[in-house]
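Open the model in your viewer and keep the selection tool at hand. Each stop below says what to select next and what is there.

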Amino acid sequence: MSADRAVRPFALSVVVPSYNRRASVEMVLHGLAAQRGVQLADIEIIVMLDGSTDDSAVMLDAWVRSGRLPGLRWHLRPNAGQAAARDYGARDAVADVLLFLDDDVVPEPDLVASHLAWHASGTHIAVLGDCEIVREPGNGWYLQNVWGWWEGRYASRVLRGRRPCYLDFCAGNVSLRRTDYLASGGFDPAFRGYGGEDYDLGYRLMQQGVHLVADRRVRAMHYHAFPGYDRLRRIRRQEGHADVVLGRKHLGLRAGLRLMKGDQEADRMIRVAFTSAGLSVAEIRTRTVWAVLCARLGARMRWSTQLNMLLTYAYWRGLYESLGSWQALEEFRAGAIVPIHTVDISGGIDEPPSDFWVNGPSDLRVVVGGDELGIVRIPGPVLSPLRATLADRVADSLAGPLWMWADRTGTSLLPSSSWTGATVATATRSTDATAAP
Amino acid sequence: MSQMKFQRTRVFDVDIAHPLPDILEMQGYEYAHILVRWETRTLCTLHLPCPNGILRGQAIRDAVATDGYAGWLISDRAIRRWLLGPDALASPATQPSWSVIVCTRDRPVDLRRCLGALMALESAPGGACGEIVVVDNAPATDAAERVVLEYQAIVQQQGKPALRYVREERPGLNWARACGARAASGEIVAYTDDDVVVDRHWITRILEPFADGRVGAVTGLTMPFEIETESQWLFERYGGFGRGLRRRVFDANWFRATDAGAAGAGANMALRRALVVDGQLFEVELDAGTVTRTGGDTYAMYRLLVEGYQVIYTPDAIVWHKHRREYGPLRDTLYGYSVGGFAYLTRCLVSHGDLRALGSMVTWIRTDHARHLYRLLRRRPHALPRDLVLAYWKGVFIGPFAYLRSRRTERRHRAMDAALRRTLAPPGLSGTDSPLQPELHAETSP
């Protein structure tokens with residue numbers, strides 16, 4: 001059931017997938033109704049109910065009848081996952097610019113205008129906005145950690161010298177041109193559970209030359225709540241499934257997936273996930289009870305450890321369910337393609353080519369003055385300024401060979417003025433500071 | 001008892017980016033305490049003897065060369081500098097707006113020295129020009145205000161940060177800190193004390209970690225300004241303010257929040273102003289001005305940690321603290337640290353129900369108090385004098401009661417204040433609009 005399709009040209013289409021979150025979707029609509037700097041009639045809003053069984057439809061009908069959002073429409077379809085819901089909505093949209101919002105992401109008043117301002121240039125870009133976790137005093141540890149994780153990601157992607165990569169493409173608050181979306185093939189319905197579908201689309205967009213632009217002023221508020229330990233484990237298990245789908249689809253991304261490396265702290269949980277199901281159930285119950293107890297007693301560090309164990313188990317259990325055995329996982333890992341780039345650092349480190357950002361993980365053969373210093377492993381997509389990261393890796397892994405090369409060739413790595421001459425720099429703690437003005 | 005003899009020590013810093021002389025004159029000094037830096041960033045500290053009042057540059061070179069961590073840092077920074085160019089270690093391009101808050105009370109000489117150094121602060125290129133707010137806490141004289149007026153003339157010169165004077169009549173360091181934060185306009189409020197001389201690059205370095213939104217507070221390295229008297233020498237041997245030379249990230253997920261004192265002290269810390277003002281981080285039941293004497297800064301960092309923020313310690317943000325020259329104040333200082341520390345932990349226990357405070361108490365006694373007592377009883381050369389150790393131990397037992405007493409006093413004050421407001425305020429006027437309020441804060445603008 002849906003309202004009549006609008007025929008007027010919209011400036012932007014908002015696609016909001018939802019599953020049984022009536023109250024949350026209503027907050028999103030309130031946020032959209034409060035947009036500034038743009039006519040509400042220019043915004044098309046498509047709410048995709050992905051098999052919702054609550055009274056979301058009744059609420060949406062009431063909104064459509066009220067006429068507060070002239071461009072509001074909604075569809076109720078059988079549950080097929082977020083990716084399918086978003087894709088249906090995007091293909092049904094008519095505006096040139098698509099804005100994807102999650103159903104718990106409430107736009108700030110300037111959000112739509114900010115997205116449109118970026119697209120005014122007509123270039124092929126995808127604009128990544130912030131979904132700032134709403135923080136309140138007394139938030140639980142889980143919410144604090146989620147906020148910290150996202151805050152770290154948002155802060156890092158706008159650092160000087162950093163370019164957003166496919167891991168920054170989060171569909172909670174992102175806009176792009178409709179033509180680019182359709183050319184990329186759109187969201188892949190193969191991602192049925194939680195996660196993976198946005199990374200997949202981000203990767204394909206980058207491959208077709210769409211630039212990702214991060215802007216912290218393009219802001220929405222993310223109303224997140226602790227989902228409970230069971231649901232957290234389910235989400236993490238689905239991430240395991242999604243990583244397998246992603247790795248099968250893009251061999252070039254496989255090397256950067258979490259499944260390529262173990263987790264030393266939780267090695268035991270990884271083994272358990274791939275062995276006895278009975279033992280797993282018993283251990284998970286014990287650890288969940290332990291985590292709840294730690295939370296009650298205020299033992300945060302122990303709680304963090306237990307939660308990490310539980311989530312590690314869930315992720316690897318998801319891998320096990322998708323792959324079937326440890327042997328299959330080893331084969332999957334062996335299929336990863338790790339391209340080797342050669343970097344000549346004789347004249348310092350230059351900005352790497354853009355394909356480095358697109359493909360993410362690469363091994364680097366570091367060459368200086370025609371001599372090979374060694375190979376630096378880049379274990380995953382770089383989420384920090386790349387030149388600085390490469391310098392860190394060289395300083396960490398190849399310091400010995402580099403100093404030996406400098407010694408052999410008479411190259412000075414230290415500035416020439418160091419430790420020579422005749423005056424001491426008592427510098428800032430000068431006694432002048434005690435003088436009267 | 002074979003206690004170590006007082007060694008007059010000259011304190012200074014050298015930057016290996018600048019030339020180093022072959023011979024440094026150290027007449028009258030037995031030792032040199034040296035902060036070694038490279039391009040203004042900290043490398044290591046050295047404590048070297050000065051035989052015949054002379055320190056040879058070669059001795060400094062050799063000491064740095066044999067310091068493993070310094071060697072690693074030099075190699076790391078040299079490689080990065082060589083690969084990325086001179087701006088390899090530059091600060092982030094965008095710097096948040098800042099306010100430096102100096103809380104003072106009847107110490108015009110110290111304040112003059114402190115402001116002199118603050119006037120020389122350098123902002124990052126392109127960074128916002130900040131302001132300095134001097135909070136005069138229940139002063140007996142107007143000496144501090146006159147010092148500020150003198151410096152306000154300098155402020156008129158281009159490029160100097162604005163200087164403001166604010167008066168907080170309620171006695172107490174945390175009242176002053178909170179008042180300073182309310183009066184400040186910067187996104188970040190950096191606190192220092194009036195007996196501190198800040199490094200020229202202090203504000204740039206202490207602001208750097210705030211590029212990450214998870215960071216709620218940043219602390220820095222506090223070095224001794226001088227070691228001229230036995231009292232100052234003993235304070236440094238007790239441990240001083242030093243928190244090490246390695247950058248540390250404190251996060252409640254892997255760090256016991258009640259041990260927040262390990263992150264640093266109020267003489268060298270910066271916080272997000274919104275968190276200070278909205279979260280009322282500075283608890284007036286703690287710190288100078290109450291019987292608890294200290295602990296207000298640690299409690300603020302504890303609150304940030306339990307709220308999920310990170311606290312960063314960066315040794316590159318340097319200030320120089322002038323320890324008390326006299327012996328009596330030293331005993332009071334050590335006693336105050338102990339009382340304040342245990343009062344703070346009692347606060348965590350009583351008001352937050354945080355059982356980890358018990359663990360922190362045990363750890364502190366075991367690693368610090370017991371160590372000093374052991375050295376004293378075993379007559380070890382590094383032992384502190386008996387009266388200092390006893391004063392330190394006394395604080396363990398007094399601290400919890402001091403907090404409870406301070407809390408009771410503060411509650412009584414609040415009740416009296418509320419009663420007074422009810423009596424004086426006209427009907428319909430809320431407490432915050434009370435005509436009493438403006439009298440508590442007076443400000444003179446430049």
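The tour goes through two sheets of chain A and then to the interface with chain B. Keep in mind that this is a predicted model.

**Stop 1: the sheet of 8 strands**

Select the strands of chain A in the order β3-β2-β1-β4-β7-β6-β8-β5; these 8 strands form an open sheet with mixed pairing. The edges are β3 (72-77) and β5 of chain A, each of which pairs on one side only. On average, neighbouring strands here are turned by 30 degrees against each other, with direction ignored.

Which residue of β8(A) stands opposite Leu128(A)? Ala214(A) does.

**Stop 2: a salt bridge within chain A**

Select Arg21(A) and Asp104(A) and show their side chains. They form a salt bridge, with the closest N and O atoms 3.3 Å apart. The pair links distant parts of the chain, 83 residues apart. Arg21(A) is in the loop between β1 (12-18) and α1 (22-33) of chain A, while Asp104(A) is in the loop between β4 (97-101) and β5 (105-107) of chain A. Over all chains, the count comes to 64 salt bridges.

**Stop 3: the sheet of 3 strands**

Move along chain A to β9, β10 and β11. In the order β9-β10-β11 they make an open sheet of 3 strands, again with mixed pairing. Its edge strands are β9 (340-344) and β11 (371-377) of chain A, each pairing on one side only. Neighbouring strands of this sheet are turned by 25 degrees against each other on average, direction ignored.

Look at β9(A) beside β10 (residues 363-368) of chain A: the two pair in the parallel sense over 5 bridges. What is the bridge partner of Thr342(A) in β10(A)? Select Arg365(A) to see this partner.

Next, select helix α16 (residues 399-409) of chain A. This helix lies across β10 and β11 of chain A and runs at about 165 degrees to β11(A).

**Stop 4: the interface of chain B and chain A**

Show both chains. In contact here are 61 residues of chain B and 56 residues of chain A. The two chains bury about 4700 Å² between them, 61% of it on carbon and sulfur atoms. On the chain B side, select Trp82(B), Leu83(B) and Asn253(B): they lose the most area to chain A, together 16% of what that side buries.

How many salt bridges does the rule find across this interface? There are 2. Glu307(B) forms a salt bridge with Arg135(A), and the closest N and O atoms are 3.9 Å apart.

Finally, colour chain B by element. Several elements each supply at least two residues of the side that touches chain A, including β1 (9-15), β3 (31-38), α1 (57-66) and α9 (296-306) of chain B. The most comes from α2(B), with 10 residues. By class, this side of chain B has 35 nonpolar, 8 polar and 18 charged residues.

Note on methods:
Residues are numbered from 1 along each chain as its sequence is written. Chains are lettered from A and ligands numbered from 1 in the order in which they are written. This is a predicted model: local features need pLDDT of at least 70, side-chain atom pairs count only at pLDDT 80 or more; totals for chains, interfaces and linings use all residues. Side-chain values use heavy atoms; hydrogens and water are left out. Two strands pair if DSSP finds at least two bridges between them. Helices (H or I, at least four residues) and strands (E, at least two) are DSSP runs, numbered from the N terminus. Axes are lines fitted to C-alpha atoms, for helices over the stretch in contact, and angles run from 0 to 180 degrees between N-to-C directions. Contact means heavy atoms within 4.5 Å. Buried area is the accessible area (1.4 Å probe) that two parts lose on being put together, summed over both. A salt bridge is a side-chain nitrogen of Lys or Arg within 4 Å of a carboxyl oxygen of Asp or Glu. Ala, Val, Leu, Ile, Met, Phe, Trp, Tyr, Cys and Pro count as nonpolar, Asp, Glu, Lys and Arg as charged, and the others, Gly among them, as polar.
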